[in-house]
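Hi everyone, thanks for making time this morning.

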Amino acid sequence: MNAHAPGSLDSCSEGWIPDEVARLLARVTRPGRYTGGEFNLRLKPGASPRIVLSYPDVYEIGISNPGLQILYAHLNDATPAAAERAYCPWPDMAALMRAHAVPLWTLETMKPVAGCDLWGFTLPHELTFTNVLEMLDLAGVPFHAAERGEGHPIVLGGGPAVANPWPLAPFFDAFFIGEVEHRLDEIVKALAAPSRALRLQALLSVPGMWLPGVSERPAQRQVFMAFSSTAPVLRPVVPVLEAVHDRAIVEVMRGCTSGCRFCQAGMWYRPVRERPVDLAVEAAEQLLSETGCDEVSLLSLSSCDYSGVEEALTRIRALRPGVRVSLPSLRIDSAAESLERFAADQRGSVTLAPEAGTQELRDAINKGVDDAQFEEAVRATFAGGFTGLKLYFMIGLPGETDADVAGIARMAGTAARLAKDVARGRARLSVAVSSYVPKAHTPFQFESFAGASVLRHRQRLLREAMPRHVRISFHDVAASLVEATLARGGPGSDRLVEEAWRRGARFDGWSEHFRFALWEDAATATGIELGTADLRSDQTLPWESAVAAGVTRSFLSEERARGARGELTDDCRDGLCASCGVCGAGVEMDVLP
Amino acid sequence: MTWWLLTFSRAAAASYLSHLDTARAMQRTFARAGVPIALSQGMRPKPRLSLPLPLPVGASGCEELAVVEVPDDLPDPAAALRELRAAAPPGLRPLAIIVVGDQHPRPRVLEARYACVLEGDAGAVRAAVERYATEVSVVRERVSPKGRRTLDLKEYVVHAAAEPVPGGTRLSFAIRPRDDGAARPQEFIDLIAGWAEVEPVMRRLERRRVTWRDLPPGPSPGAGRSMSS
Ligand code: SF4
């Protein structure tokens with residue numbers, strides 16, 4: 001690249017971005033979103049098959065997704081395939097791409113996405129679904145799998161939102177259900193078949209694949225049982241743009257069996273598997289060099305439950321002077337102790353998630369935290385010198401009453417009092433309240449969504465009851481209504497997504513872009529009512545015909561009944577197996593001795 | 001502590017980084033290479049690395065300059081340069097390290113040479129460049145968050161030339177900053193594009209050479225006093 005002699009007036013630059021793309025880049029916000037050039041980017045010229053990995057949100061969000069990093073590293077480093085990436089263009093870029101007829105390109109080669117063999121989407125949640133259509137459209141790939149032919153990529157969906165694939169079913173050729181690490185080689189091999197039909201047929205035989213309209217049985221969710229004997233991603237792509245989080249990520253544990261009845265991730269990623277501390281520490285050491293970060297985050301759904309947490313923290317901190325280690329979440333019942341032992345490196349603020357405002361409701365959701373534990377955790381936060389405390393709650397939980405909502409204000413009042421007494425007003429307190437959306441494969445899958453009017457009423461109650469000076473934020477009820485409709489949608493719910501997209505819905509997870517009126521119009525046009533799916537527990541639920549999540553319906557029903565009775569279910573890693581149905585046939589809990 | 005001048009090129013994907021992101025990418029390159037940067041004093045210590053002449057977003061740079069303070073006990077600059085090259089992201093390439101000593105260098109720009117490609121009527125672009133040569137004064141208004149100011153481009157932009165290339169006209173020019181600031185490349189490109197009635201899209205913009213003064217000690221990086229391989 002540098003034939004340029006010092007002081008020369010000649011051009012030094014090679015590798016110009018193609019002119020048709022450069023023309024667009026000159027006119028958009030943050031053009032670096034579309035050009036790649038990150039640390040540890042992989043290039044495999046001439047490699048086959050060519051796979052494009054996408055996350056249907058803007059670059060800055062997508063680049064932080066650890067799931068996509070796993071796929072990218074494994075496909076590029078351990079298979080013959082070349083994996084490239086594309087994220088969802090921001091509306092300013094999308095408008096220019098359409099105006100100038102420039103199809104979606106990948107960050108690695110700047111070549112059109114549409115020319116790849118397989119286009120894999122990691123689907124995080126329902127409010128990204130219109131972005132999937134946006135990306136298909138910008139790439140020039142026909143929306144419906146049925147319309148795709150030999151020259152089109154196979155479009156494959158995965159990630160947590162495929163727990164119910166129906167709202168996207170016709171847009172995808174196939175869905176992969178569960179953890180895919182150990183199936184990637186088979187997927188790559190399937191792509192070698194000589195025709196599209198044969199490639200799809202080969203994919204059908206990969207365990208965990210569900211092909212809409214083709215598969216005769218629900219796909220069994222796949223569990224990566226070699227998790228504990230495999231190193232985490234050691235050479236992640238590190239953005240050159242300012243990142244949301246600038247830390248090296250070591251996934252130390254997968255799965256959580258605390259058994260919160262509202263939590264889809266807790267049911268979806270069972271059973272618990274832990275990586276040995278040695279593996280975590282070695283990974284941290286390499287990651288510090290590869291990323292240039294000075295902070296390591298021990299990632300899992302509940303890192304305080306990782307058996308090796310204390311040893312891993314101590315050893316990683318000792319790797320180099322100045323290395324900090326953070327845990328993404330703390331348990332309230334042990335927060336006081338954790339803050340002292342683990343969280344000394346945590347910068348600024350601490351997040352605690354009591355989720356519900358009264359003991360009864362917390363028992364019903366199996367959160368099992370009591371008021372004294374909460375108070376102790378808050379006191380420890382402020383006494384520990386943390387500058388902020390963020391409390392997470394939900395409203396709209398099954399069985400919730402106005403009294404439970406008043407309980408949230410009471411707990412915020414306790415925290416505000418402690419902020420004044422213990423932190424002497426130096427700490428910020430904020431409360432974030434989301435609206436609960438019942439999700440597939442959880443004990444509350446049989447419950448209905450609380451509805452917009454109930455949620456608005458409770459938000460008003462809470463706003464009025466909140467102590468002054470406590471910052472409170474709510475999820476947009478309308479966005480939750482859309483999320484609930486899609487999360488519980490069955491066959492045909494895709495029409496709502498497509499109609500909303502046609503009317504202009506994009507980036508629905510972004511408050512500045514979410515336009516409820518488009519969804520209302522789409523609902524009217526398709527005859528699909530928003531938020532009203534009434535599911536009966538004696539019926540087959542829509543997602544049960546596509547996905548076998550491992551947790552059995554009888555376990556989920558029993559858990560729902562226990563919740564209604566306010567009974568707690570223990571974490572199976574501490575005692576008795578609750579017979580959720582996940583373990584067996586080579587799948588089992590795999591925790592450190 | 002010791003000050004280094006690191007020259008580097010910025011091209012391809014890295015051209016689209018903002019000034020801050022370029023500085024951050026450079027800092028991360030040092031961190032990945034295991035070459036420590038000295039930290040500033042104060043409550044929130046910051047790495048002592050700065051880029052004295054911001055490069056516009058979208059522009060390549062053939063020989064950019066970073067001023068960086070490093071601890072005295074570092075490996076020799078040639079070894080550090082090798083590590084930095086291996087650790088840099090695609091598009092950013094460390095070229096040479098000039099060891100300055102313990103005096104903080106504050107290099108100032110004498111002249112920066114640019115080139116870009118303008119699409120559209122090549123004759124019109126050439127005519128616009130010729131017109132620029134004959135004008136005595138070309139006053140333009142700049143509106144920024146700091147307010148409005150007027151500047152006479154003729155006081156800053158020199159050596160304007162147009163040359164046909166495949167797909168358009170290469171416009172080349174030099175900007176000479178003064179004590180009150182400098183014109184921006186886009187301002188001159190907009191002027192010429194406006195006169196020529198072609199699209200002012202900054203394409204293949206490249207800063208090809210920067211002439212510095214006050215680089216203690218000795219000649220500018222461009223004169224080849226370097227430890228490059
Ligand atoms: S089957 Fe038993 S041990 Fe396995 S995850 Fe379920 S409850 Fe835990």
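Predicted model: local features only at pLDDT ≥ 70, side-chain atom pairs only at ≥ 80, totals over all residues.

Residues are numbered from 1 along each chain as its sequence is written, chains are lettered from A and ligands numbered from 1 in the order in which they are written, and side-chain values use heavy atoms, with hydrogens and water left out.

So, how many residues of each chain are in contact? On the chain B side there are 38, and they meet 42 residues of chain A, where contact means heavy atoms within 4.5 Å. Together the chains bury about 3,200 Å², with carbon and sulfur atoms giving 57% of it; buried area here is the accessible area (1.4 Å probe) that two parts lose on being put together, summed over both. Of what chain B buries against chain A, 23% comes from Tyr16(B), Arg28(B) and Arg32(B), more than any other three residues. The rule also finds eight salt bridges across this interface, each one a side-chain nitrogen of Lys or Arg within 4 Å of a carboxyl oxygen of Asp or Glu. One salt bridge to look at joins Asp19(A) and Arg203(B), whose closest N and O atoms are 2.7 Å apart.

Now chain B by itself. Its domain assignment gives domain 1 (2-107 + 216-228) and domain 2 (109-208), with bounds from an automatic or database assignment. Their centres, taken over C-alpha atoms, are 28 Å apart. Domain 1 brings 13 residues to the contact and domain 2 brings eight. The area buried between these domains is about 780 Å², 57% of it from carbon and sulfur atoms, and one salt bridge is found across that interface.

Strands are DSSP runs of E, at least two residues, and helices are runs of H or I, at least four, numbered from the N terminus; two strands pair if DSSP finds at least two bridges between them.

Over in strand 9 (residues 168-175) of chain B sits Thr169(B). Is Thr169(B) buried or exposed? Buried, because its relative accessibility is 2%; the cut-offs are under 20% for buried, over 50% for exposed, and partly exposed in between (1.4 Å probe, protein chains only). Beyond its sequence neighbours within four places, its contacts include Cys116(B), Val125(B) and Pro164(B).

Last stop, chain A. Helix 17 (residues 494-502) has several buried residues, among them Leu496(A), Val497(A) and Trp501(A). The buried residues of helix 17 pack against helices 4 (91-99), 5 (129-139), 16 (477-487) and 18 (516-526) of chain A. Just after helix 17, Gly504(A) takes a positive phi of about 115°.

And Ser329(A) lies in the loop between strand 12 (324-326) and helix 11 (335-341) of chain A. With a relative accessible area of 26%, Ser329(A) counts as partly exposed.
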